[in-house]
Every structure is written in C-alpha cells, then in structure tokens.
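Here is a short briefing on a structure that is new to you. Look it over first, then read the points below.

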Amino acid sequence: MASAALVLTGCLSSSAGQGGGDTIRIGISLPLTGDFSEPGKGVRRGYEAWADYVNARGGLLGRRVELMILDDQSSADRVAADYEKLINQNGADLVFGPFSTRLVIPAAQVAKDYGFLFVEPAGAAEEVFAQGFDNLFYAAPAVAEDHYNHLAAAILAIPPDRRPRTAAYAAMDDPFAQGTAYGLKEKLERAGIRTVVDEVYPPNTTDFGSIAAKIADSRADLVVGGTQYQDAVNLIVTLRQLGYQPAMAAFSTAPTNPEFPKAIGAQTEGILSPTGYTPEADYPSNKEFVAHYTAMHGSTPTEDEANAWTTGQVVAAAVQAVGCADPDLGCQRRLIDWLHGNSVDTVVGELSWDATGKPRGAHLIQQYVGGQIRIVLPADTKEADLVHPKPTW
Amino acid sequence: MSGSLLLQSLLLGVLLGGLYALLAAGLTLYFGVMRVVMLAHSAFLILAAYLAWFFTVETGLDPLLSLVFTVPLFFGIGVGMQRLLISRLRPATLTMMSVLLTFSIALVIEGMLGFAFTGTHRRISLSYSGADIALFGASIPVVKLIAFGLAVVSLAGLYVLLKATRFGQALRATIQHGEAAQLVGINTDRIAGYGFGLGLATAAIGGTALALDSTIYPSLHWHWIGPLMAIIVVGGLGSIPGAAIAAMVLGLGQSLLQIPLGTTWAQTLFYVALFATLMLHPQGFFGGRLAQRF
C-alpha cells in the first residue's frame, strides 16, 4: 500500500534544513498500518485538518505549517527511529505525538533526549506519566483512570437503597482499557460496592463465553468493561445470550464508535461510556473545528481527530505565546515551560497539566437514550438525564 | 464455583469445541491429503465471514443463505489453488514451501479485505443474536447452537463422504499411499485437487458460523491460526476424527479452566497441549495409524 512510508511533503528530498525560513516543519510518526492503523489514520486526518486550517489563516507566526508524517507500522521500535530521523535528518522544528500508549512512551523518550516539546493525542494510560517526562503533555481532558470520574460520583450520589451493591469488571490486558475500568473500580470499592468478578483477558481473545458466564452467574448490579471495540461488542452480545440483565452497564471506547449500534442492533439502550469529545460540545473553537473538518471530509470528526486537532491547538498556543518555533534547546524549553504554567482553550475544553503532563480533568459520560447517544454527565453539560436502572437488552 | 456456572461453562465449552472442530477440519484435510501446511485457512475463514456479512448487508437475508454461493465458490477456489499453485511445488520441499506460499496467500486475502471493506470492525446484526434457550438454569445461545449444528452436519457429511463414497475411498487411498493409489488407477492429482477444494469448502461453512457470533476485521485470522494449528497437531495431523476430538477436548478444557485460572492462562492451554504433544506423542493423540505416516 502507498502508506508504507508516507511522507506527505516533498521536503525529504529538499534535505535537512535547520528550521527557520518561511515554514514550520512538524515531525510526526503515526501507526498508518498494523494494529493501530484505524485510529492512526483518524489522528492523521485530525492533524491534516488542523494544518490546513492554520495555513488558510496565514500560518503560525506568519510561517506555513508543513507536516512530515512517517508510518511506524504500530511498532514501538520503529516509532523511536522515526522521531530520531524526523529531528536529526528531516529538520523538524516541532514534533507532535503518535497514537497509543505503547508508541507514545518510546517516542517521548526520543523527544526528551533532544529537548523537544512533546504534545501527544493518545497516551491515556497511567504509565505514560510515570516515566519522568517533563516535556510531555497529553492533549485530552483526562487520563484513563479518570475517565469514569463523573460516573463514579453519580453512582455514589444515588440513594443507598437504589445504588448498585455489586459490580463485575472485565478488562482487556491493555494499559488504557484496564486503566479505565480500574479507575472506576477503585472509587466504587472505596465506597463499599463489592467486586464480584474481576477478569482480565488478552487482546487476542475471540471467545467471551466463559467471561460472560462468570459475570452472568454473579448477577452483579453493575457491569464495567475496560474495553476496546471488538471485545466490547462480543462481550455485550454474549452477556445478552446468557440472559444477564444488569441495572447499569458501562463500556469504554466501543459505544462511541459509529459502528456500535449497527453491531449491537436495537439493544444499546442505557449503555454508558466515557468520551473525551463530542462534536456538539459548546466550546468556541469546537464549532470552527467541526465546520472545517466536515467541509474537508464530509463527516463530523470523532475523538481521534479531535485529539489530534487539540494537539495542534496546544502547541500553537505555546508557539504564539513564546514567539518561537525552532529546534534549538532554548526555544523548546520556553515552549515546555509555558505549557507548564498556563492553560489552553481547546475543542475539548480548557486544558491544564500537572508536572508529569497529566491533564487535570475528567471525561464526559454518554448514554444511549431513546436510540441516540447523549451526554448525561456531568450535570452542567448534559443533554439528557441518566437512565437508571438500564432498560433490558 | 456454583453448579449453574459449571453447567453453563460445560455447555459453552461443548459449543465452542464444535466450532473449533469445524474450523480445524479443513486444515487437517490439507495436511492429510498432500502434506500442505495451509496458513491461509483462517484467512479464508475470515473471507467467508466477510462474504456472509456482505451478503446480509446487501440483501437483508439470513447470512446462512450465503452458503449457497460460498461453498461452491470456495470449493472451486480450492481446486484451482491446488492445481495452479500447490501442485507446482517440488515434492521434496512441499511442506516447507507450502508454508511460505499459503502465508503469502493469507497476506493477500487480508490486504484485499482491508482494501474492499476497510479495517472497520463488522458484525452481522441478527434478530436472534442475543436469543437463548434455557436449560436447567443455564442458557444455550441460539447463534452458538446454530454454529454447533453447522459443525455437526458438516463433519458428519465429511465423514460419510470419506467413508462411504468412491471419491472418499480414492481420497483416503491417496492419503494413505499416493503411489499405490496411482497404481490401482486413481488419478491422485485430481483427487488431491478435490481434497483441497473440500477443505476450503469447510472454511466457507466455518467462516459463516464464525460470522454469526463474532466481530470480524481483516487481521482477525492471525488470532485463529495458532489455536487451529495446535488442534490439528494434538489431534494427529491428517485425521478428521482426531481433530474433532482434540477440538472438543481443548474447547471444553479452555471453557472450564477459565473459571479457576482466568482467560489468559486458559488460553495457554492450547500451547501447553501442543508442547506436550510434540514432546510425548509427536504423531498426535487421536490420529491413529493414518496420522502416524507423517
């Protein structure tokens, strides 16, 4: 496929310039093939839309933005080599992060070695922030552990006689997916909601019969899936096949995918999911983003595109505030310091970060209500009321 | 562990074992007939699953009806593949070269699926996908039961075909001793082609059974090839009853072990069984004399 080693600009052949000039070269490596190719392509669309938008408005600091995108084939070895190449040989002025925790960590290490600012769209797992990176910033509202914070608060606010008493957790053996489920588990356990099933399964699991049998047998009031797409769909259908009817069901990732209702059919009603982004959100820059993206691609953006665009917004805010965008250590240090001390308005709301680059926020909680996916938490942004208990599936 | 959970896991294990047997049947046939290690078998399963999904999306009809088209199509592809590609490999290096050849075919199928249907995960939306039949407090999922039924019918059909027909005799003769079969007038080349076609026809049925209850995507076949290879090695390469028994034992074992051990360890059962087989009984545990040739 043509994406094998895609460089979107001709600047590889125009060799290793040392920044400056009338363009800002942004080096990016993305998983355009391999395991993460679907979200990887989404992130690419987001980055491209952002660059297009910025260039249509005169660029950054009056300089055109040029993206240099390499394909790391979802490999952690390649992603590190890619960033080395982008910084050393291709003369990147700035770098943006790749997709997925597994690729973000090796990539951030390279950026750190060269003193580069590293804003990334997809490192939601706790371990990203435990590596001691002072140059890293996650451009999304919350890390995986905090995705369900609003839901935890809402459950604990339910009067004790109607509140779920037991919970079943099933999580993919993946830092992000597990992180989402365990963030909620920890909070609910602290409040006395008993864990009756706690299953971890490998990413290549194809049969969910046994896991579903355990959960159905436990009759847990609440089922939480720390899931990606296919495992969530397979698990939900298998739970239905075994006649299990929880009072509350929450799954990460899958329910926000447009394919989800097609896969599950009419039985999505009441299913909850955290989401970092919705095209309907009222933030000022979000309207421009949705309009620009929709005009460019003919469909509204999803979370991957939004996180990429947010990355662009965060870096652009720092560049404009500091007034430089070149690879020298002083400029990169000023960009990093500025982001540590300031907050940025983005399409996912106002973002600010702690010293490890972890955003200070929580995800919105969505639920299928009346056949449509609606924001139900937190109260100040909700589009519909939380439905509890969940209708039968 | 409660009694109802045990019964439920037993039922699910039997259903899973049936599906595994169906999915592995073709693999053991290819190896039995012509010592071909067919790495593309699971890619063909996913291809059949996609065709079933596409058929349902386009026509709105039940995916099982797609078998009317996919079974003859896959049989034809199998015969063609054997005659045009596999038969050109040199006998001395057949087994090894077939790994490379079928590996590349698997990659081509995966690439074509990605190109035609994108990498988006698909699932057939069935009105009965969540339906179940209650049995002593346990549930039998209807779609899993249908997949099991497909497995029973196909494997029984295959067994009858091999045991009771002239073609079956010729095929078994080809498996047992190719040269002797030629001496008694069997056109072993043609029989080998049909044998390969038959194997691929089971992939059409298996893939459709898989599509009833799985979310599918182009690279899914890599998740299947390992367990399926383990099944046919444990069962005895070349033996269809052996593969069926091994599939049932491993499916049940996986389902039951999952309760105390969890999913990750239960899945390693396949590789432990593979390792133990190769150490203790390299010709497989259930294959009998036929399989011992290899």
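In this predicted model, 30 residues of chain A are in contact with 35 residues of chain B; contact means heavy atoms within 4.5 Å. Local features need pLDDT of at least 70, side-chain atom pairs count only at pLDDT 80 or more, and totals for chains, interfaces and linings use all residues. Residues are numbered from 1 along each chain as its sequence is written, chains are lettered from A in the order in which they are written, and side-chain values use heavy atoms, with hydrogens and water left out.

**Interface of chains A and B**

- About 2,700 Å² is buried between chain A and chain B, with 51% from carbon and sulfur atoms; this is the accessible area (1.4 Å probe) that the two parts lose on being put together, summed over both.
- The rule finds one salt bridge across the interface, defined as a side-chain nitrogen of Lys or Arg within 4 Å of a carboxyl oxygen of Asp or Glu.
- B:R122 forms a salt bridge with A:E259, and their closest N and O atoms are 3.2 Å apart.
- On the side of chain A that touches chain B, β7 (194-201), α6 (209-218), α7 (229-241) and α8 (260-264) of chain A each give two or more residues. Helices (H or I, at least four residues) and strands (E, at least two) are DSSP runs, numbered from the N terminus.
- α7(A) gives the most to this side, with eight residues.
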